[in-house]
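Dear colleague,

I am handing over the structure below, and I would be glad if you could look through it alongside these notes.

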Amino acid sequence: MSNDDPKITGMKLWHLSLPVNARRDHGIGSVEHAVEIVVVRLTTEDGIVGFGEASPWVVFTGSVEATYAALDRYIRPMVIGQNLADHAAIMERAQYAVAHCTEAKAALDTALFDLRGRLTGRPVWALLGGQYRDRIPLSCSIADPYFDKDLALMARLRADGVRIIKLKTGFKDHAFDMMRLEHLRADFPEFDIRVDYNQGLHHDVAMSCVRDVASFAPTFIEQPVKAHLHDLMARLRDSIDVPLLADESIFGPEDLRRLDHIADGVSIKIMKAGGLTRAQTVARMAAAKGLSAYGGDMFEAGLAHLAGTHMIAATPEITLGCEFYQASYFLREDILATPFPVEDGKVVVPEGPGLGIDVNEDLLDKYAVRASE
Ligand SMILES: [Mg+2]
């Protein structure tokens with residue numbers, strides 16, 4: 001405990017609506033027109049600031065309204081006046097101050113790490129255990145209901161050096177999924193193809209659909225059925241040679257006891273886990289069971305991508321790359337002062353203090369639906 005650490009004296013929130021350039025269809029719902037997030041800025045008594053992002057999705061983790069209220073009404077009293085040295089205690093109190101709202105807690109944890117990094121001149125990955133990797137292979141999701149638009153995106157990805165895609169399936173019909181898989185396998189042979197149903201298959205047809213998709217030998221098939229259908233996940237896993245990943249079925253460390261029965265690996269998200277260290281815990285618990293881990297995300301802006309990037313940089317167990325594509329390929333305009341760093345199909349881990357890239361506060365004001373401090 002360091003009594004030299006400053007007190008946190010300010011907390012500002014922005015609810016943002018960020019326009020997007022396409023429609024994304026997933027098994028549990030669609031996103032078009034805009035992505036809604038909450039940004040939190042913590043300020044210390046000596047004027048250092050740290051930022052964090054909460055990226056909820058109403059059909060997956062919760063609503064932006066609940067996220068905003070969690071931070072504004074229930075978490076704010078746990079933070080203001082506290083010493084930065086009490087990071088772990090602040091997070092523990094926030095954990096129980098409001099149920100669920102994992103994205104709000106991820107934003108708080110991110111802002112506390114960003115503050116600590118800026119105060120000490122060290123990157124967030126250094127605070128999370130040190131750097132294991134300095135590049136993370138990027139996966140982009142193919143999820144447009146109009147496949148021609150995704151083919152144009154594929155050409156752009158190819159030119160940019162991206163070599164991993166995740167085909168979103170289960171939002172239209174099985175024939176559409178099979179047609180796209182056939183097309184992508186034939187015309188983009190250099191790509192590592194993964195498949196994600198986002199719970200989109202009805203349990204009546206799940207077995208036959210998953211077997212058909214497995215015949216294309218994707219790197220993995222993610223969450224084919226509803227999150228709570230654990231026995232069916234286990235049967236699907238046993239029926240195919242392709243690894244099955246759990247996403248919606250596994251949020252935080254508390255859910256890990258079921259993972260070794262239902263899947264071969266897990267999609268790790270700071271928005272599901274409720275923070276950076278909790279996400280690391282999920283990855284380590286999975287690895288201890290011999291299961292693989294993938295760096296998933298929600299519909300995020302670059303600020304949340306940065307938090308995930310630092311977390312994955314410091315977490316050897318996350319071996320399957322990341323999907324931090326929205327800042328570069330989905331948002332019309334991101335909120336960072338300089339572009340989220342992607343080079344030759346890989347996310348470049350920042351080396352600067354804190355998250356390593358500043359937020360452009362003018363853009364927060366530009367896209368704010370509401371704000372409070
Ligand atoms: Mg998923």
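This is a predicted model: local features need pLDDT of at least 70, side-chain atom pairs count only at pLDDT 80 or more; totals for chains, interfaces and linings use all residues.

Residues are numbered from 1 along each chain as its sequence is written.

Strand β4 (residues 34-44) has 8 of its 11 residues buried, so it is largely enclosed by the rest of the structure; buried here means that 20 or more other C-beta atoms, placed from the backbone, lie within 10 Å of the residue's own. Strands are DSSP runs of E of at least two residues and helices runs of H or I of at least four, numbered from the N terminus, and two strands pair if DSSP finds at least two bridges between them. β4 pairs in the antiparallel sense with β1 (residues 8-19) over 11 bridges, and also in the antiparallel sense with β5 (residues 49-54) over 6 bridges. Thr 43 of β4 stands opposite Gly 10, and its bridge partner in β5 is Val 49. β4 and β5 form a hairpin with 4 residues between them, where Gly 47 in the turn has a positive phi of about 90°.

The domain assignment, whose bounds come from an automatic or database source, gives domain 1 (8-121 + 361-372) and domain 2 (127-348). Their contact (C-beta atoms, placed from the backbone, within 7 Å) takes 35 residues from domain 1 and 34 residues from domain 2.

With best regards

How values were computed
A residue is buried if 20 or more other C-beta atoms lie within 10 Å of its own, exposed if 12 or fewer, and partly exposed in between; C-beta atoms are placed from the backbone. Two residues are in contact if their C-beta atoms, placed from the backbone, lie within 7 Å.
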